[in-house]
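Please walk through the structure shown below, taking its helix packing, its chains and their contact in turn.

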Amino acid sequence: MTKPDVVVTGIGATTPLGGDVASTWDAMLAGRSGVSKLTQEWADQLTVKIAAQLAVEPSEVIDRVRLRKLDRSEAVALIAAAEAWADAGLADAGLDKERLGVVVGSGIGGAQTLLAQDDILEASGARRVSPHTVPMLMPNGPAAFVGLEYGAQAGVHAPTSACATGAEAVAWGLDMIRSGRADVVIAGGTEAVIHPLPIAGFASMRAMSTRNDEPEKASRPWDKGRDGFVLGEGAGILILERADHAVARGARIYARLAGAGMTSDGYDIVQPHPEGTGAAKAITKALRDAGVDKADVVHVNAHATSTPVGDIAEIAALRSALGEHPVLTATKSMTGHLLGAAGALESIATILAIRDSVVPPTINLDDPDDALTMDVAAHKARPLQIAAALNNSFGFGGHNVALLFTRP
Amino acid sequence: MATREEVVTGLAEILEEVAGVNPDDVSEEKSFTEDLDVDSLSMVEVVVAAEEKFGAKIPDDEVQNLKTVGDAVSFIVANS
């Protein structure tokens, strides 16, 4: 059976670099950092006092009454979805809603709601707990609110695989269309957990950068001075569409989602396999699924989070699965790590790199790790004709997802 | 004890905060769900806030009888 072609016809995002795709992409190409000092009082007691916070607060976009019934992760998912939906020209497309699906995940979910309502429970008693608590904290909440907003009836799904979630959602969206369950899928990831508890948890694992005095230099993938990731927040949403459906309605096509590969390490709950074997297998699966030769993959938007072990394990995986030729970048150097939204946001960056023939920079790569044996677009964006590009995402739990995009 | 007018005004404040209802639209004959578009979860919030504001206990099985603002005003005036 031949697989139907799937294309990307819309993109939307709200990130630490901008409130939409255009401002985020401009900031990326300019090499701007979205990381800043946490000025909240609760940050005083933490060892980590920096994060990549949203450039545009949801309250500037969504009215107060609606916002008080949404977890922050749901609000940003709705904002990114609205942009993607409009961008794809779907508002007046007369779409059959029984053929519209949603796959939107989150790494952690409505933790801010859970913790805020627990504060109310402790301080004021059970009767004061908001009746909106459950739809705000349930992990499928962002997917469900997006599905409700656009009347999706082909199925609303919420995969979760920590920091691979956004990419996994895109992979499942591809699967929904290929298997004939939907014509159009709203796919992506969302995350909003800049709160003392998740930060304290990650900090206790020694997973986060404590370069508190130089926030803009804290996220430095592959640099010898890297000391952990910087937590970011936001959402990225893609409109995936069966190619003939997109062509029939005259939609603008950004890129083909040519293939996906998913594997699991079976190695450790948080450490990546040191040789990146599971990751390499995901990349090889994506190539095979796409029917693309590795020689044509000239660019990789790497997972590279700025942790000592993970960044180098990924290099090993890329070398074994692709060879040494691709030009890499790590946009987390600018956005911080959006956890469950990262794979979706970085898919958008990969697609725009193909469209604009340019690799966004990896900032802060001042003193490259000796194990970095591949070419990185360090400091400055680099012009490059890109026929095919890969986006990697890995998550705690040993999840590996590789997505392959090609020029339409 | 609060007058009917005071309770209407108080409920209007709560409805604005919880559900974004324009206070000018709140009057005794209005239905919470049909006229003021208050959903079932937000109605729970309105009840809890009204209990605090007026010192009246509104039992859960009484809430279904409070169709209009006037119904709620009568219950609150009689029970606070």
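In this predicted model, helix 1 of chain B, which runs over residues 4-19, packs against helix 4 of chain B, residues 69-79, at an angle of about 120°, and the two axes lie 10 Å apart. Because angles from 65 to 115 degrees count as roughly perpendicular and those over 145 as roughly antiparallel, helix 1 of chain B and helix 4 of chain B are described as oblique to each other. Their crossing is right-handed. Helix 1 of chain B contributes B:Arg4, B:Val7, B:Val8 and B:Leu11 to the contact, while helix 4 of chain B contributes B:Val69, B:Ala72, B:Val73, B:Ile76 and B:Val77. Sorted by class, this contact holds eight nonpolar residues, no polar residues and one charged residue.

These two helices belong to a chain that has four helices and zero strands, so that its elements, read from the N terminus, follow the order α-α-α-α. The radius of gyration of chain B is 11 Å, close to the 12 Å that the globule rule gives for 80 residues, and chain B is therefore as compact as a globular protein of that length. Taken along the principal axes, the C-alpha atoms of chain B fill a box of roughly 25 × 25 × 20 Å. An unreviewed UniProt entry places the feature "domain: Carrier" at residues 5-80 of chain B; over that span the chain is 59% helix and 0% strand, and the C-alpha atoms at its ends are 15 Å apart.

The C-alpha trace of chain A spans about 60 × 55 × 40 Å along its principal axes. Here too the annotation comes from an unreviewed UniProt entry, which assigns "domain: Ketosynthase family 3 (KS3)" to residues 3-407 of chain A. That span is 33% helix and 19% strand, and its end C-alpha atoms lie 18 Å apart.

Two helix pairs within chain A can be followed in detail. In one of them, helix 3 (residues 72-87) of chain A and helix 6 (residues 141-150) of chain A have axes that come within 9 Å and cross at roughly 40°, which makes helix 3 of chain A oblique to helix 6 of chain A. The crossing of helix 3 of chain A and helix 6 of chain A is right-handed. On the helix 3 side of chain A the contact residues include A:Ala77, A:Leu78 and A:Trp85, and these belong to a set that meets residues of helix 6 of chain A, among them A:Pro142, A:Phe145 and A:Tyr150. By class, this contact has eight nonpolar, two polar and two charged residues.

In another pair, the axes of helix 7 (residues 165-178) of chain A and helix 13 (residues 342-356) of chain A come within 4 Å and cross at roughly 70°, and the two helices are therefore roughly perpendicular to each other. The residues that meet include A:Gly166 and A:Ala167 of helix 7 of chain A, and A:Gly343 and A:Ala344 of helix 13 of chain A. This contact divides into six nonpolar, four polar and one charged residues.

What remains is the contact between the chains, which takes six residues from chain A and six residues from chain B. The side of chain A that touches chain B has two nonpolar, two polar and two charged residues.

Conventions: Residues numbered from 1 in each chain as written. Chains lettered and ligands numbered in written order. Predicted model: local features only at pLDDT ≥ 70, side-chain atom pairs only at ≥ 80, totals over all residues. UniProt positions renumbered as here; feature names shortened; annotations may be inferred. Axes fitted to C-alpha atoms, helices over the stretch in contact; angles between N-to-C directions. Parallel < 35°, antiparallel > 145°, perpendicular 65-115°, else oblique. Left-handed = near helix turned anticlockwise from the far one by under 90°. Contact = placed C-beta atoms within 7 Å. Nonpolar A, V, L, I, M, F, W, Y, C, P; charged D, E, K, R; others polar. Rg over C-alpha atoms; globule rule 2.2 N^0.38 Å.
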